[in-house]
Amino acid sequence: MPLPESIHLEVVTPERRLVSEVVDEVILPGSEGSLGVLPGHTPLLTTLGIGELVYRRGGDRRYVAIAWGFAEVLPERVSILAEIAERAEGIDRERAAAARDRALRRLRERAAETDFVRAQAALQKAIIRLQVSQGIGPSEPS
Amino acid sequence: MANVRDYRTRIRSVKSTQQITRAMKLVSASKLRRAQDLILAARPYARKMLEVLSSLAARAHPDRHPLLQRRPEEKVLVVVVTADKGLCGSFNTNIVNGARAFLDELLGRSGSTAGPRPTHQVQVDIVGRKARDWFRRRDYPVRRVLVDLFRDVTLEDARDIASNLIEGFSGGEFDGVHLVYNEFKSVMQQRVVRETLLPIPRATFGPGAFTASAGAQPEDYIYEPDQEALFAALLPKHVMIQVHRVLLESAAAEYGARMTAMENATRNAGEMIDSLTLQMNKIRQASITKEILEVVSGAEALK
């Protein structure tokens, strides 16, 4: 079977379809570690962590912030289902920074009614958005 | 007898009511369009999710997963979804009636002949101000109340509700979760539906998904992490998506119902204005005729 030459990448959130493009390479923030996908990849099903999705077409790289999703990889197709996905270009850095500060403050205050899990998730989300919007990859998860 | 001026005031007031109902209709129409778009936008995700879950269910020993486990339903949670606002025809009444019938059935209160035999332990979760107001005055055990969700249905809300329900279900607080909500059938039609959310009904994953070897599987995946873990990670998401869908449907149905109701109201106001105008003209004519008669008979008398 000849290998396919490109991948059809789809990024879907419950609120919209963010990406539907033909690309050459995809790098996914898998929950077990980052993984690169080229055309002809073996079928794979994986959960995704919070992180950065990179896809490349020719020399053109695009970045998308992704949180809590999973991906289905087929030889000529990658479908990503994420609860949150946002293009780097679309990220409002000021808002992301504000969200980060808010989450930090909530975590620091330790008020009785603070929902820690939620605040932490918000913090992580804000940080990843900031990183993605800067075009640098996320730091290695500790 | 009412005079012309009284009629004029009436007509003016009906007219301004009509303006309001017309505006509300237009607003509902545009909100409905947005709500419909949201429903459509949510579909690809839900479809893909189901596909993947079905293929996983065929291999991942789904019986073991707690969210799929069916136990005898003794403690039941009913989630009632209404609108926050009124003025949408029988939208809220239908839901409340449907919910009450369901609850009474569970509680063994229905039917005048049977004595009280509490067959189930029931709790109620409420979404929407209208349901809250109704249940506040009645004797049902309300567990959780959520209002003000529908101005902007977000995934966060859905996640919050879903995780709360999952927690209660796996913690043994209840053995089953049922939703009562308005399904968006078409702009003119809403239907009250009763749906089981937890345990996740097996039919969800399509026929054959639970038979030991579901025939030839089209895709043989590498799983990362393994199938069980993946399955376990996806099921709660599935629940969340279901909740999200229900909220979106209910929102769309509400706008549809309001639009129809307001259209009827606008038409009724128009009819009322017509009949009031007719009566007013009759009276005006009658009084003119009377005046002419008086003038003429007065002139006659002077001759």
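**Notebook: chains A and B**

I took helices (H or I, at least four residues) and strands (E, at least two) as DSSP runs, numbered from the N terminus.

A note on the source: this is a predicted model, where local features need pLDDT of at least 70, side-chain atom pairs count only at pLDDT 80 or more, and totals for chains, interfaces and linings use all residues. Residues are numbered from 1 along each chain as its sequence is written, and chains are lettered from A and ligands numbered from 1 in the order in which they are written.

I then looked up burial in chain A. Of its 142 residues, 39% count as buried. Buried means 20 or more other C-beta atoms within 10 Å of the residue's own, with C-beta atoms placed from the backbone. Next came contacts, which need C-beta atoms, placed from the backbone, within 7 Å. Taking contacts in chain A between residues at least 6 apart in sequence, I find that 54% join residues at least 24 apart.

**The sheet of chain B**

I moved to chain B. Its five strands form an open sheet in the order 3-2-1-4-5, with mixed pairing. Two strands pair if DSSP finds at least two bridges between them. Strand 3 (142-146) and strand 5 (190-198) of chain B are at the edges with a single partner strand each, so one side of each has no neighbour in the sheet. From one strand to the next, the twist averages 20°.

I checked one pair. Strand 1 (residues 75-81) and strand 2 (residues 121-127) of chain B run parallel over seven bridges. In that pair, B:V76 is opposite B:V122 of strand 2.

Two helices pack on the sheet. Helix 2 (residues 91-107) of chain B touches strand 1, strand 2, strand 4 (176-184) and strand 5, and its direction makes about 155° with that of strand 4. Helix 5 (residues 227-302) of chain B touches strand 1, strand 4 and strand 5, at about 35° to the direction of strand 4. Axes are lines fitted to C-alpha atoms, for helices over the stretch in contact, and angles run from 0 to 180 degrees between N-to-C directions.

**The domains of chain B**

I find domain 1 (4-20 + 263-297) and domain 2 (21-201 + 222-258) in chain B. These bounds come from an automatic or database domain assignment. The domain centres, taken over C-alpha atoms, are 49 Å apart. Eight residues of domain 1 contact five residues of domain 2. Helix 1 (4-57) and helix 5 of chain B each supply at least two residues of the domain 1 side.

Notes
Buried ≥ 20, exposed ≤ 12 C-beta atoms within 10 Å, placed from the backbone.
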